[in-house]
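Here's a quick walk through a single chain, from its overall layout down to a few residues worth a look. Have the viewer open as you read.

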Amino acid sequence: MYICTHCNQPVPDPVRLLRGRPLRYAYKCPRGHLLYDRRLLGFTREQSFIASFFNALMACAVILAATSSAGSLLTKSHTAWAGYTLVVFVVAGILVISRALKWEKQGGAVARLVPRAMGMGLACIFAGSGLFAVRLAIHLIRYVDERHLAFFR
Ligand SMILES: [Zn+2]
């Protein structure tokens with residue numbers, strides 16, 4: 001079910017616009033509001049927490065692969081690009097969760113979008129901070145390893 005965040009109403013039968021327009025202008029509510037949310041990066045359609053979580057995780061993986069390979073073509077240092085991307089994931093996740101909390105507070109039809117926003121936000125934070133933690137752990141292990149070897153040398 002699509003939800004109009006402006007009217008705070010479910011839209012059972014969204015108005016489909018002509019083809020050839022950018023995708024985000026594809027659906028409108030009967031009063032003419034776009035059924036799109038910038039923070040969700042998608043249509044304001046109900047989705048379960050689990051489905052949203054895994055969709056966002058997949059999207060994060062694709063974006064990370066794309067930015068790090070594009071970065072390595074441009075600068076030969078894909079790690080810095082990957083690092084920036086992880087920060088962007090965490091920031092995007094926080095923004096989506098703040099939107100979810102606002103909708104939850106507001107109540108009504110928009111509250112039905114909360115599981116989707118929460119799933120997406122947590123997936124972004126999970127992807128960003130999880131990969132960051134892995135990188136940190138690798139650095140730490142290397143550091144300890146070098147110290148350890150120096151001690152016995
Ligand atoms: Zn509307």
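## Overall layout

Of the chain's 153 residues, 26% count as buried. Keep in mind that this is a predicted model. The chain has 6 strands and 3 helices, and if you read along the sequence, they come in the order β-β-β-β-β-β-α-α-α.

What about contacts across the sequence? Taking contacts between residues at least 6 apart in sequence, 57% join residues at least 24 apart.

## The core

As a bit of background, nonpolar side chains in soluble globular proteins tend to be buried together. Here, the largest nonpolar core has 28 residues. Those with the most contacts inside this core are Ile3, Leu35, Val96, Ala117, Met120, Ala123 and Cys124.

Which elements give two or more residues to this core? They are strand S1 (2–4), H1, helix H2 (78–106) and helix H3 (114–152). H3 supplies the largest share, with 7 residues. Domain 1 (1–45) and domain 2 (47–152) both give residues to this core, so it lies between them.

Leaving out residues up to four places away in sequence, Ala123 touches Phe53, Ala56, Leu57 and Cys60.

## Ala51 on helix H1

Now for a residue outside that list. Ala51 lies in helix H1, which runs over residues 49–75. Is Ala51 buried or exposed? Ala51 counts as exposed, because it has 12 C-beta neighbours inside 10 Å, and 12 or fewer is the cut-off for that class.

Ala51 also pairs up with a residue well along the sequence: Gly119 is 68 residues apart from it along the chain, yet their C-alpha atoms are separated by 7.7 Å.

## Two loops with positive phi

Two spots in the loops are worth checking for backbone geometry. Asn8 sits in the loop between S1 and strand S2 (9–11). Its phi is near 55°, a positive value in a residue other than glycine. Asn8 is partly exposed, because 14 other C-beta atoms lie within 10 Å.

Then there's Leu41, placed in the loop between strand S5 (36–37) and strand S6 (42–43). Phi of Leu41 is near 50°, again a positive value in a residue other than glycine. With 13 other C-beta atoms within 10 Å, Leu41 is partly exposed.

Definitions and conventions: Residues are numbered from 1 along each chain as its sequence is written. This is a predicted model: local features need pLDDT of at least 70, side-chain atom pairs count only at pLDDT 80 or more; totals for chains, interfaces and linings use all residues. Helices (H or I, at least four residues) and strands (E, at least two) are DSSP runs, numbered from the N terminus. A residue is buried if 20 or more other C-beta atoms lie within 10 Å of its own, exposed if 12 or fewer, and partly exposed in between; C-beta atoms are placed from the backbone. A nonpolar core is a set of buried Ala, Val, Leu, Ile, Met, Phe, Trp, Tyr and Cys residues joined through C-beta atoms within 7 Å. Domain bounds come from an automatic or database domain assignment. Two residues are in contact if their C-beta atoms, placed from the backbone, lie within 7 Å.
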